[in-house]
Amino acid sequence: MTRRIAATALLVASFILAPVASPVAHAFDREFAFKAIDKDTMEVSFKAWMGEVLQVCVKPDGAGGDVCDGKNSVETFWVTATPYGAWDRKTSRMTVLVDVPRCGKYKIRVKRSALSFDTSMFYMPC
């Protein structure tokens, strides 16, 4: 009985005294590739895992704020990597089309969660 109480007390103390790590944003290597389709559409492809749900956000490079905050975003949408969509099973790449209002430099962010994302930049030619 004494051993059980001591073991329980030790277990409780280990949970209470264990340091809690603060969440850290983690970037993944999405291997972005860009291809201009026409004057206002960019094809963007990146690595994705089967069944992964991703948020894709685009904003002008010079605009303030977060890429996905909605205030300066020109595109924000959700995609799911499935073979029935624009995900290629052989290369594990997801392809999306992004519409931008004019030529120039843009930031794109692909988010898996609030703390894991990749950000890249592309230039939309005039």
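Visitor: What is the relative accessible area of Cys103?

Guide: It comes to 31%, so Cys103 is partly exposed. On this scale, buried means under 20% relative accessible area and exposed over 50%, with partly exposed in between (1.4 Å probe, protein chains only). Keep in mind that this is a predicted model: local features need pLDDT of at least 70, side-chain atom pairs count only at pLDDT 80 or more, and totals for chains, interfaces and linings use all residues. Residues are numbered from 1 along each chain as its sequence is written, and side-chain values use heavy atoms, with hydrogens and water left out.

Now for the partner of Cys103. Cys103 forms a disulfide with Cys126, and the two sulfur atoms sit 2.0 Å apart; a disulfide here is a pair of cysteine sulfur atoms within 2.5 Å. The link is right-handed, with 70° about the S-S bond. This pair links distant parts of the chain, 23 residues apart: Cys103 is in the loop between S6 and strand S7 (104-111), while Cys126 is in the segment after strand S8 (117-124). Strands are DSSP runs (E, at least two residues), numbered from the N terminus. Cys126 counts as exposed, at 76% relative accessibility.

By this rule the count is two disulfides. Cys57 and Cys68 form one of them, also with sulfur atoms 2.0 Å apart, and both of these cysteines are buried. Their link is right-handed too, with 110° about the S-S bond. Number the bonded cysteines in sequence order and the pairing reads 1-2, 3-4.

Terms used: Helix = DSSP H or I, 4+ residues; strand = E, 2+ residues; numbered from the N terminus.
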